[in-house]
Amino acid sequence: MNYDLSWMLDSALELPEAQHAILVSADGLLMARSKEVGRDHADTVAAAMSGMQSLSRTVADFCHGGRSAGRPQWRQTLVEFDHGWVFLISAGEGAYLAVSASPDVDMAEITFRMQQLVGQLGKALTSPPRERADIQP
């Protein structure tokens, strides 16, 4: 990705108790990170977030309740830890936005702000699947 979106991620952290933000491609590559997150740590978290959204999509039928209206769509993953929360949402096709926060964060407000950020960034957050360079059309 040719855009430096880090400054936009930092602006999303203006909410009290919000801590860190990363933008992740579907295949687990770091696309952008807020300034307080080190590169190595952000790379590790990016890979984990990709796996987390994959697991979340896999268990979608668990909350489906046997209804026949089609497969439920993944919207968000929320994980609670002793020292805070991790929020993960879709940020366009092939991209995900993850934000960490302290236990005292306003959960509705942080989710709203994340959705606003995704809306503002629009196509800049879209990361199409990578193509293998060794395959000839």
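**View 1**
A pocket is an open set of points, on a 1 Å grid over the protein atoms alone, where a 1.4 Å probe fits and protein lies on both sides within 12 Å along at least five of seven lines; lining residues have an atom within 4 Å of a point. This model is predicted: local features need pLDDT of at least 70 and side-chain atom pairs count only at pLDDT 80 or more, while totals for chains, interfaces and linings use all residues. Residues are numbered from 1 along each chain as its sequence is written, and side-chain values use heavy atoms, with hydrogens and water left out.

The largest pocket holds about 270 Å³ of space (the volume filled by probe spheres set on grid points, which are joined across faces, edges and corners). Which residues lie nearest its centre? They are His20, His41, Val45, Val86 and Ser100, out of 17 lining residues. Strand E1, helix H2 (39–58), strand E4 and strand E5 each supply at least two residues of this lining. By type, the lining has 12 nonpolar residues, four polar and one charged (nonpolar: Ala, Val, Leu, Ile, Met, Phe, Trp, Tyr, Cys and Pro; charged: Asp, Glu, Lys and Arg; polar: the others, Gly among them).

**View 2. The whole fold.**
The protein has three helices and five strands (DSSP runs, numbered from the N terminus: H or I of at least four residues for helices, E of at least two for strands). Along the sequence they follow the pattern α-β-β-α-β-β-β-α. Of the 137 residues, 39% count as buried (under 20% relative accessible area, with exposed over 50% and partly exposed in between; 1.4 Å probe, protein chains only). Among contacts with a separation of 6 or more, 49% join residues 24 or more positions apart (contact: heavy atoms within 4.5 Å).

**View 3. Strand E1 and its partners.**
Six of the eight residues of E1 are buried, so this strand is largely enclosed by the rest of the structure. E1 pairs with E5 in the antiparallel sense over seven bridges (pairing needs at least two DSSP bridges). Here Ala21 stands opposite Val99 in E5. E1 also pairs with E2, again antiparallel, over three bridges. Ile22 stands opposite Arg33 in E2. The hairpin of E1 and E2 has four residues between the strands, and Gly28 takes a positive phi near 90° there.

**View 4. The E3–E4 hairpin.**
Strand E3 (residues 76–81) pairs with E4 in the antiparallel sense over six bridges. Val79 has Val86 in E4 as its bridge partner. Two residues lie between the strands of this hairpin.

**View 5. The nonpolar cores.**
The largest nonpolar core has 25 residues, and Leu97 and Ile110 touch the most other members (a core joins buried Ala, Val, Leu, Ile, Met, Phe, Trp, Tyr and Cys residues through side-chain atoms within 4.5 Å). Helix H1 (6–12), E1 (18–25), E2 (30–33), E4 (84–90), E5 (95–101) and helix H3 (107–121) each supply at least two of its residues. The largest share, five residues, comes from H3. Apart from this core lies another, of 12 residues, including Ile22, Val37, Ala46 and Leu88. Leaving out residues up to four places away in sequence, Ile110 touches Leu15, Ala18, Phe87, Val99, Ala101 and Val105.

**View 6. Ser102 in its loop.**
Ser102 lies in the loop between E5 and H3. Is Ser102 buried or exposed? Ser102 counts as buried, because its relative accessibility is 8%. Beyond its neighbours within four places in sequence, Ser102 is in contact with Glu17, Gln19, His83, Gly84 and Trp85.
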